[in-house]
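Here are my notes, as numbered points. Please read them with the structure open.

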Amino acid sequence: MADRISTTQRSALMGKIRRADTKPEMVVRRLLHRLGYRFRLQWKAAPGRPDVAFPGRRKIIFIHGCFWHQHPGCRHARVPTTRPEFWAAKFARNEERDARNLALAAAEGWEALVLWECEIVDGPGLQAQLVEFVGPTRVLRQDEKLDLV
Ligand SMILES: [Zn+2]
(Lines give C-alpha, C1' and ligand atoms only; values in the text may rest on other atoms or scores of the structure.)
Protein backbone atom coordinates (compact mmCIF):
# COMPACT_ATOMS: atom_id res chain seq x y z
CA MET A 1 0.00 0.00 0.00
CA ALA A 2 1.29 3.39 -0.96
CA ASP A 3 2.38 5.78 1.74
CA ARG A 4 -0.14 8.59 1.57
CA ILE A 5 1.62 10.95 3.91
CA SER A 6 3.73 13.42 1.97
CA THR A 7 7.30 14.07 3.01
CA THR A 8 6.34 17.53 4.20
CA GLN A 9 3.50 16.20 6.32
CA ARG A 10 5.69 13.49 7.71
CA SER A 11 8.46 15.79 8.76
CA ALA A 12 5.87 18.11 10.31
CA LEU A 13 4.54 15.15 12.29
CA MET A 14 7.97 14.04 13.34
CA GLY A 15 8.83 17.58 14.35
CA LYS A 16 5.78 17.53 16.58
CA ILE A 17 6.84 14.28 18.18
CA ARG A 18 10.37 15.51 18.75
CA ARG A 19 9.13 18.70 20.35
CA ALA A 20 6.84 16.75 22.69
CA ASP A 21 9.81 14.72 23.89
CA THR A 22 11.79 17.80 24.83
CA LYS A 23 9.07 18.97 27.21
CA PRO A 24 10.71 19.70 30.57
CA GLU A 25 8.72 17.00 32.42
CA MET A 26 9.80 14.43 29.86
CA VAL A 27 13.43 15.49 30.11
CA VAL A 28 13.35 15.04 33.89
CA ARG A 29 11.47 11.73 33.73
CA ARG A 30 13.79 10.32 31.10
CA LEU A 31 16.86 11.36 33.04
CA LEU A 32 15.54 9.83 36.28
CA HIS A 33 14.78 6.58 34.44
CA ARG A 34 18.22 6.53 32.92
CA LEU A 35 19.73 7.01 36.37
CA GLY A 36 17.80 3.98 37.61
CA TYR A 37 15.37 5.68 40.00
CA ARG A 38 11.87 4.44 40.72
CA PHE A 39 9.34 7.19 41.15
CA ARG A 40 5.68 8.15 40.99
CA LEU A 41 4.09 10.83 38.86
CA GLN A 42 1.52 13.31 40.14
CA TRP A 43 1.66 11.67 43.57
CA LYS A 44 -1.60 12.48 45.35
CA ALA A 45 -0.41 11.56 48.83
CA ALA A 46 1.93 14.55 49.00
CA PRO A 47 0.83 18.21 49.22
CA GLY A 48 0.33 19.88 45.86
CA ARG A 49 0.41 16.62 43.93
CA PRO A 50 4.09 16.91 42.95
CA ASP A 51 5.12 16.06 39.40
CA VAL A 52 7.61 13.48 40.62
CA ALA A 53 7.63 11.71 43.98
CA PHE A 54 9.92 9.25 45.70
CA PRO A 55 7.60 8.07 48.48
CA GLY A 56 10.15 5.81 50.20
CA ARG A 57 12.72 8.59 50.30
CA ARG A 58 10.09 11.16 51.19
CA LYS A 59 11.25 13.47 48.43
CA ILE A 60 9.24 15.35 45.86
CA ILE A 61 9.96 17.42 42.79
CA PHE A 62 7.79 20.18 41.43
CA ILE A 63 8.32 21.21 37.82
CA HIS A 64 7.07 24.76 37.57
CA GLY A 65 6.07 26.46 34.35
CA CYS A 66 7.73 29.89 34.39
CA PHE A 67 4.62 31.76 33.28
CA TRP A 68 1.99 30.21 35.55
CA HIS A 69 4.22 30.07 38.59
CA GLN A 70 5.90 33.43 37.83
CA HIS A 71 9.55 32.47 37.87
CA PRO A 72 11.26 35.53 39.45
CA GLY A 73 13.26 37.53 36.92
CA CYS A 74 12.50 35.10 34.09
CA ARG A 75 11.72 36.36 30.60
CA HIS A 76 8.90 33.79 30.36
CA ALA A 77 7.20 35.27 33.40
CA ARG A 78 6.07 38.59 31.93
CA VAL A 79 2.59 39.62 32.97
CA PRO A 80 0.30 40.04 29.94
CA THR A 81 -0.58 43.65 29.17
CA THR A 82 -4.27 42.90 28.65
CA ARG A 83 -6.37 42.50 31.81
CA PRO A 84 -3.43 43.07 34.16
CA GLU A 85 -5.59 42.89 37.30
CA PHE A 86 -6.93 39.51 36.27
CA TRP A 87 -3.44 38.14 35.78
CA ALA A 88 -2.06 39.72 38.93
CA ALA A 89 -4.81 38.08 40.98
CA LYS A 90 -4.33 34.76 39.24
CA PHE A 91 -0.57 34.76 39.74
CA ALA A 92 -0.96 35.82 43.37
CA ARG A 93 -3.24 32.82 43.96
CA ASN A 94 -0.77 30.48 42.25
CA GLU A 95 2.15 31.80 44.28
CA GLU A 96 0.15 31.52 47.47
CA ARG A 97 -0.79 27.92 46.64
CA ASP A 98 2.83 27.05 45.82
CA ALA A 99 4.04 28.51 49.11
CA ARG A 100 1.28 26.70 51.03
CA ASN A 101 2.12 23.39 49.38
CA LEU A 102 5.82 23.74 50.14
CA ALA A 103 5.10 24.63 53.77
CA LEU A 104 2.69 21.70 54.12
CA ALA A 105 5.15 19.33 52.51
CA ALA A 106 7.91 20.44 54.87
CA ALA A 107 5.57 20.05 57.86
CA GLU A 108 4.80 16.50 56.74
CA GLY A 109 8.47 15.66 56.39
CA TRP A 110 8.74 15.85 52.62
CA GLU A 111 11.89 17.31 51.14
CA ALA A 112 11.00 19.29 48.05
CA LEU A 113 12.89 20.47 44.99
CA VAL A 114 11.44 23.07 42.64
CA LEU A 115 12.68 22.99 39.07
CA TRP A 116 11.83 25.84 36.71
CA GLU A 117 11.01 24.87 33.14
CA CYS A 118 13.44 27.34 31.57
CA GLU A 119 16.31 25.81 33.55
CA ILE A 120 15.62 22.21 32.62
CA VAL A 121 18.18 21.18 30.06
CA ASP A 122 19.08 17.56 29.47
CA GLY A 123 22.71 17.34 30.50
CA PRO A 124 25.27 16.76 33.24
CA GLY A 125 24.18 19.80 35.25
CA LEU A 126 20.61 18.61 35.68
CA GLN A 127 21.79 15.06 36.25
CA ALA A 128 24.09 16.16 39.08
CA GLN A 129 21.32 18.25 40.62
CA LEU A 130 18.90 15.32 40.58
CA VAL A 131 21.37 12.83 42.02
CA GLU A 132 22.33 15.28 44.75
CA PHE A 133 18.71 15.84 45.68
CA VAL A 134 17.33 12.30 45.41
CA GLY A 135 20.39 10.49 46.70
CA PRO A 136 22.18 7.42 45.43
CA THR A 137 20.25 4.81 43.50
CA ARG A 138 20.39 1.34 44.91
CA VAL A 139 19.78 -2.20 43.74
CA LEU A 140 16.55 -3.76 44.97
CA ARG A 141 16.47 -7.00 46.87
CA GLN A 142 14.23 -9.55 45.23
CA ASP A 143 11.57 -9.39 47.97
CA GLU A 144 11.31 -5.60 47.91
CA LYS A 145 8.43 -3.85 46.28
CA LEU A 146 9.22 -1.17 43.74
CA ASP A 147 6.70 1.10 45.47
CA LEU A 148 8.92 1.42 48.51
CA VAL A 149 11.82 2.92 46.61
ZN1 LIG B 1 12.03 30.64 33.98
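Are Cys 66 and His 71 buried or exposed?

1. Both are buried: Cys 66 and likewise His 71. Keep in mind throughout that this is a predicted model.

2. For reference, the ideal angle for four tetrahedral donors is 109.5 degrees.

3. The average pLDDT is 86, and 77% of the residues score at least 70. Among the elements, strand E4 (residues 111–116) has the highest mean, 98. Helix H1 (residues 7–21) has the lowest, 59.

4. The largest nonpolar core has 18 residues. Those with the most contacts inside this core are Leu 32, Phe 54, Ile 61, Leu 115, Leu 126 and Leu 130. Two or more residues each come from helix H2 (24–34), strand E2 (52–54), strand E3 (59–64), E4 and helix H4 (124–134).

5. Take Ile 61 as a case. Leaving aside residues up to four places away in sequence, Ile 61 touches Pro 50, Asp 51, Val 52, Phe 54, Leu 113, Leu 115, Leu 130 and Phe 133.

6. There is also a second, separate core. Its six residues include Ala 46, Phe 62, Ala 105 and Trp 110.

How values were computed: Residues numbered from 1 in each chain as written. Predicted model: local features only at pLDDT ≥ 70, side-chain atom pairs only at ≥ 80, totals over all residues. Heavy atoms only, no water. Buried < 20%, exposed > 50% of the residue type's maximum accessible area, 1.4 Å probe, protein only. pLDDT = per-residue confidence, 0-100. Helix = DSSP H or I, 4+ residues; strand = E, 2+ residues; numbered from the N terminus. Core = buried A, V, L, I, M, F, W, Y, C linked by side-chain atoms within 4.5 Å. Contact = heavy atoms within 4.5 Å.
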